[in-house]
Amino acid sequence: MKIVGVDIGGTKINVGRVEGNSIAQKYLVKTPALEDESTVLNAIVTAVRKVLTNDVKAIGIGVPGMVDTKNG
């Protein structure tokens, strides 16, 4: 199974495609200054497209921050 993992950090966005038990491809880009949400979102989409293939079954994203489990 092929999956894509995305790690969004304060200084970099790290993306990788995993095939089986190996990282098949990686891509790293600096996290842009937060001018608005679309700037960061566009950087994430661009990074994912660099490693995406037609047969990827899932994409997982990790983002630092607090989670409010009570309110969702």
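Biologist: Which residue takes a positive phi in the hairpin of β2 and β3?
Modeller: G20, with phi near 65°. That hairpin has two residues between its strands. Bear in mind that this is a predicted model.

Biologist: How do β2 and β3 pair?
Modeller: They run antiparallel, over eight bridges. One of the bridge pairs is K12 with K30 in β3.

Biologist: And β1 with β2, how many bridges there?
Modeller: Seven, again in the antiparallel sense. β1 covers residues 2-8 and β2 covers residues 12-19. A hairpin of three residues joins the two strands. Across that pairing, V4 sits opposite R17 in β2.

Biologist: What is the strand order in the sheet?
Modeller: β3-β2-β1-β4. The sheet is open, has four strands and shows mixed pairing.

Biologist: Which strands stand at the edges?
Modeller: β3 (22-30) and β4 (56-62). Each has a single partner strand, so one side of each lacks a neighbour in the sheet. From one strand to the next, the twist averages 15°.

Biologist: Take V51. What does V51 touch?
Modeller: Leaving out residues up to four places away in sequence, V51 touches V4, V15, G16, R17, Q25, K26 and Y27.

Biologist: New topic. How many salt bridges in the whole structure?
Modeller: Three. K2 and E19 form one, at 3.7 Å from N to O. K2 is in strand β1 and E19 in strand β2, 17 residues apart.

Biologist: What does D55 bridge to?
Modeller: K2, with the closest N and O atoms 2.9 Å apart. D55 is in the loop between α1 and β4, while K2 is in strand β1, so this pair ties together parts 53 residues apart in sequence.

Biologist: And R17, which residue forms a salt bridge with it?
Modeller: E19, where the closest N and O atoms are 2.9 Å apart. Through shared partners, the salt bridges join K2, R17, E19 and D55 into one network.

Biologist: Is R17 buried or exposed?
Modeller: Buried, with a relative accessible area of 9%. The cut-off for buried is under 20%, so R17 qualifies. K2 counts as partly exposed at 23% relative accessibility. E19 is partly exposed too, at 29%. D55 is also partly exposed, at 36%.

Biologist: One more residue. Where does T31 lie?
Modeller: In the loop between β3 and α1.

Biologist: Buried or exposed, that T31?
Modeller: Buried, at 18% relative accessible area.

Biologist: What does the side chain of T31 reach?
Modeller: The backbone nitrogen of K12, at 3.1 Å.

Biologist: What else is T31 in contact with?
Modeller: Setting aside neighbours within four places in sequence, T31 is in contact with G9, G10, T11, K12 and I13.

Terms used:
Residues numbered from 1 in each chain as written. Predicted model: local features only at pLDDT ≥ 70, side-chain atom pairs only at ≥ 80, totals over all residues. Heavy atoms only, no water. Pairing = 2+ DSSP bridges. Axes fitted to C-alpha atoms, helices over the stretch in contact; angles between N-to-C directions. Contact = heavy atoms within 4.5 Å. Buried < 20%, exposed > 50% of the residue type's maximum accessible area, 1.4 Å probe, protein only. Polar contact = N/O pair within 3.5 Å; in protein donor to acceptor, adjacent residues only side chain to side chain. Salt bridge = Lys/Arg side-chain N within 4 Å of Asp/Glu carboxyl O.
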